[in-house]
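Subject: Handover of the two-chain model

Hello,

Here is the structure I promised to pass on. Please open it first, then read the notes below it.

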Amino acid sequence: MPIIDVHAHVGRWQFHLTTGDADTNLAQMDRYGIDLQIVSASEAVVYDAVAGNAALREALESRPRLYGYAVVNPNRIEESAADLRRCLDTGRFVGAKIHTHYPGRLPGCREMAEAFDVVAEAGVPLLLHTWGREVTLLPELVEARPGLRVIMGHAGGDAWREAAHAAAACDRLYLEHCRTATDAGRVAYAREAGVPVERLLFGTDATLIDPCVSLGVIRDARFTEEELERVLWRNAAELFGLKVGTDLPPHM
Amino acid sequence: MSVSPHETYAWLQPSAEEHIGWDVDVMYGPWPRHHRDIHLDGVRAHLRRSPVAGALALSTRGPLFDDAAGNAETLRDLADCPELLPVGTVDVRDAMTAEDRLDELTAAGVRFLRLFTCEQAAEPGFPGYRHVVKLAIDRGMVLLHDGDPRRFGPPLTGRGADVIFLDLHAYLLADFLLLAREEPGFKATTRMLSGPDSIERVIDAVGPRHLVFGSRTPFMDISPQTLKLRYADIPPDARAAIATKNVEELLA
């Protein structure tokens, strides 16, 4: 059974830890049996979206197990819209990533609305950093944009209960539970709130966070074998249009 | 590139490298902000299904409602639980009674005092907090300390104190290491050391004596924490120190 990690990064973070380069991602993936990883450039997330995306384009050229998210900066929307198209044209990027902390923009503001429009227009999944009660705005924002599909990265962080109810209210919202503080019962709560297993995704936040943290969350969620298959890869393969077989190379 | 089938995942089942002799961060009882309470029986059952063999535990009544009654409840409840050792607490908002509380705890043979500065809204410079800490250190108690070690660590230095920081995040690791270099009695739990080499960096910089295991059961998932120890690139004796021996030394 393969594993697809829908939330990862390439590059350094500004903390006392070793994050390495794209080959470090591959080494960690080998260690834990992760087959494919969808990554954004940390440089693009925290500093310069266009420059970081460009560096990631180069890193992806020789690493077929990594696919890319193009980071969109809501404060540079025209520049980011053009850059998103440039990245998607390579065929190695399969989605967009928007952080909220580093650009200082949350769902509900004008800039984020425009960024959502850009991603909806591009027709690719959006990995959104979610960390707070603003997640309650997402069902309405997504419903207003046909075709937009949003992965709620970190499943709302501390607002994981609100995130669960938001995801239950909109079938184009997905939950991905990676984070350092692994509050118990988040997955069970989401399912009780009405989020089907088909909208739960596996993500790690590698190489900022060691993948074993998210694997531990999966273990403690006590999924059945069939559910495990959905969460670990099948849901992601369907969302991103990745063809993954047990004996075939992955294809777009 | 072929995708390897993973008929079974190694990480899905606990291994011997996940055995924990002592977990220093366990509670039981109501917590009104959580959506569900887990009482002592539930916590014990939860631990029995985990790789955790023993734990230092306390009732939530002490920190949230009544420290004297909570301590008495902890002592009474855990008298019949051989795998659980009682932890005491003092409410720093009512430090005028701290001497009585600490006398009661030391008379009962309680060695560990847990502080809840976050729940009780205490700052490092508050007179009540400082008073409680002084009394506890004078009695040779081990402090189980919540909050940010960057704020609470400096006032505790130079006093020969044994302090276990329960909320050290990987992002704050450099500050903790600077403190621990000078303080042989400072330890932290591995709970939020989620970086790919956070545990290794502590071992390399200050040695395994500065880490212990603390899961925050039942409020956090256990498997992410035990998997971090299992997959940490550290010698077996360092893993044993973190999982068991460092706490045994404090109990001796």
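A definition first: axes are lines fitted to C-alpha atoms, for helices over the stretch in contact, and angles run from 0 to 180 degrees between N-to-C directions. One caution as well: this is a predicted model.

**Where the chains meet**

Helix α9(A) packs against helix α9 of chain B, residues 223-231, at an angle of about 135°. Their axes are 7 Å apart. Angles under 35 degrees count as roughly parallel, over 145 as roughly antiparallel, 65 to 115 as roughly perpendicular and the rest as oblique. α9(A) and α9(B) are therefore oblique to each other. The crossing of α9(A) with α9(B) is right-handed.

Which residues make the contact? On α9(A) they are A:Cys212, A:Val213, A:Leu215, A:Gly216, A:Val217, A:Arg219 and A:Asp220. On α9(B) they are B:Ser223, B:Pro224, B:Leu227, B:Lys228 and B:Tyr231. By class, the residues of this contact between α9(A) and α9(B) are 7 nonpolar, 2 polar and 3 charged.

Now the whole interface. Here 36 residues of chain A are in contact with 31 residues of chain B. On the chain A side, the elements that give two or more residues are α1 (22-32) and α9 (211-221). α9(A) gives the most to that side, with 7 residues. The side of chain A that touches chain B has 17 nonpolar, 11 polar and 8 charged residues.

**The sheet of chain A**

Next, chain A itself. Its 8 strands form an open sheet, in the order β1-β2-β3-β4-β5-β6-β7-β8. The pairing is parallel. At the edges stand β1 (4-10) and β8 (200-201) of chain A, and each pairs on one side only.

Look at one strand pair within chain A. Strand β4, residues 93-98, is joined to strand β5, residues 126-129, by 3 bridges. These two strands of chain A run parallel. A:Lys97 has A:Leu127 in β5(A) as its bridge partner.

Helix α3 of chain A, residues 49-61, lies across β1, β2 (36-41) and β3 (66-71) of chain A. α3(A) runs at about 165° to β3(A). Helix α7 of chain A, residues 160-169, packs on the sheet and touches β6 (150-153) and β7 (173-176) of chain A. The direction of α7(A) makes about 145° with that of β7(A).

**Helices α7 and α8 of chain A**

α7(A) also packs with α8(A), at an angle of about 35° and with axes 9 Å apart. Their crossing is right-handed. From α7(A), the contact uses A:Trp160, A:Arg161, A:Ala164, A:His165, A:Ala167 and A:Ala168. From α8(A), it uses A:Arg186, A:Tyr189, A:Ala190 and A:Ala193. The residues of the contact of α7(A) with α8(A) divide into 7 nonpolar, 1 polar and 2 charged.

**Two residues of chain A**

A:Val187 lies in helix α8 of chain A, residues 186-193. Is A:Val187 buried or exposed? It counts as buried, because it has 25 C-beta neighbours inside 10 Å. Beyond residues up to four places away in sequence, A:Val187 touches A:His177, A:Leu200 and A:Ala221. A:Val187 and A:His7 are 180 residues apart in sequence, and 17 Å apart in space, C-alpha to C-alpha.

A:Asp205 sits in the loop between β8 and α9 of chain A. A:Asp205 has 21 C-beta neighbours inside 10 Å, so it counts as buried. Leaving aside neighbours within four places in sequence, A:Asp205 is in contact with A:His7, A:Ala8 and A:Cys178. A:Asp205 and A:Ile218 are 13 residues apart along the chain, and their C-alpha atoms are separated by 14 Å.

**The sheet of chain B**

Last, chain B. Here 3 strands form an open sheet in the order β1-β2-β3, with parallel pairing. β1 (23-28) and β3 (84-86) of chain B stand at the edges, each with a single partner strand, so one side of each is left without a neighbour in the sheet. Neighbouring strands of this sheet are turned by 40° against each other on average, direction ignored.

β1(B) is joined by 4 bridges to strand β2 of chain B, residues 55-59. B:Met27 stands opposite B:Leu58 in β2(B). Helix α3 of chain B, residues 67-78, packs on the sheet and touches β2 and β3 of chain B. The direction of α3(B) makes about 130° with that of β2(B).

Best wishes

Conventions:
Residues are numbered from 1 along each chain as its sequence is written. Chains are lettered from A and ligands numbered from 1 in the order in which they are written. This is a predicted model: local features need pLDDT of at least 70, side-chain atom pairs count only at pLDDT 80 or more; totals for chains, interfaces and linings use all residues. Two strands pair if DSSP finds at least two bridges between them. Two residues are in contact if their C-beta atoms, placed from the backbone, lie within 7 Å. Ala, Val, Leu, Ile, Met, Phe, Trp, Tyr, Cys and Pro count as nonpolar, Asp, Glu, Lys and Arg as charged, and the others, Gly among them, as polar. A crossing is left-handed if the near helix is turned anticlockwise from the far one by less than a right angle, and right-handed if clockwise. A residue is buried if 20 or more other C-beta atoms lie within 10 Å of its own, exposed if 12 or fewer, and partly exposed in between; C-beta atoms are placed from the backbone.
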